Amino acid sequence: IQITEQGAGLYFLLHLDTAQTDDSLRKQAAAAGVRLGFLSDYAGKSDSAFAHTLVVNYAGLSPDRLPDAIHLLECVFSEPESDTNPTFVHR
């Protein structure tokens, strides 16, 4: 990953190095109860430069929930070991 725009206020951009599509990542996250917002969701037209870039808004995240949030994202972004869907475990 690469993090940019961390000085922009209450969000940062998380650029992912993955072969998975944004839609695939979105579906995996939804299965874990996480809603992802990609930069491409905010673009007026399709552009590959916006692919695999999350807009992470942390304005409403309480510090005590941060470990759970990181764990969920780790589950979403880990490459599955087989062709089956990854198992998500909430801590």
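Helices (H or I, at least four residues) and strands (E, at least two) are DSSP runs, numbered from the N terminus. By that count, this protein has two helices and three strands, and along the sequence they follow the pattern β-β-α-β-α. Welcome to a predicted model, in which local features need pLDDT of at least 70, side-chain atom pairs count only at pLDDT 80 or more, and totals for chains, interfaces and linings use all residues. Residues are numbered from 1 along each chain as its sequence is written, while side-chain values use heavy atoms, with hydrogens and water left out.

**The protein as a whole**

- Of the 91 residues, 26% count as buried; buried means under 20% relative accessible area, exposed over 50%, and partly exposed in between (1.4 Å probe, protein chains only).
- The protein exposes about 6400 Å², and carbon and sulfur atoms supply 53% of that area. Accessible areas come from the Shrake-Rupley method with a 1.4 Å probe, and for residues only the protein chains shown count as cover.
- Take the contacts (heavy atoms within 4.5 Å) between residues at least 6 apart in sequence: 52% of them join residues at least 24 apart.

**Helix α2**

- This helix has twelve residues and reaches 16 Å from its first C-alpha to its last, close to the 16 Å expected at 1.5 Å a residue. The expected span is 1.5 Å times one less than the number of residues.
- The buried residues of α2 are H71, L72, C75 and V76. They sit on the same side of the helix because they cover an arc of only 140 degrees around the axis, the arc being that of the directions from the helix axis to the C-beta atoms.
- Helix α1 is included in what covers these buried residues of α2.

**Salt bridges**

- Side chains of opposite charge can pair when their charged atoms come close. The structure holds three salt bridges, each a side-chain nitrogen of Lys or Arg within 4 Å of a carboxyl oxygen of Asp or Glu.
- K27 and D23 meet in a salt bridge at 3.2 Å, N to O. Both lie in helix α1, four residues apart, about one turn of the helix. K27 counts as exposed at 55% relative accessibility, whereas D23 is partly exposed at 39%.
- D41 and R26 also meet through their side chains, at 3.3 Å, N to O. D41 is partly exposed at 41%, and R26 is partly exposed at 28%.
- D68 forms a salt bridge with R65, with the closest N and O atoms 3.9 Å apart. D68 is partly exposed at 25%, and R65 is partly exposed at 48%.

**The loop between α1 and β3**

- A51 is found in the loop between α1 (22–31) and β3 (53–57), and it is partly exposed, with a relative accessible area of 29%.
- A51 and S40 are eleven residues apart in sequence and 6.2 Å apart in space, C-alpha to C-alpha.
- Most residues other than glycine have a negative phi. H52, which lies in this loop, has a positive phi of about 60 degrees although it is not a glycine.

**A nonpolar surface patch**

- L10, Y58, L61, L66 and I70 make a nonpolar surface patch of about 440 Å². Patches are made of residues with over 30% relative accessible area and no salt bridge, with like charges joined within 9 Å and nonpolar side chains (Val, Leu, Ile, Met, Phe, Trp, Tyr) within 5 Å.
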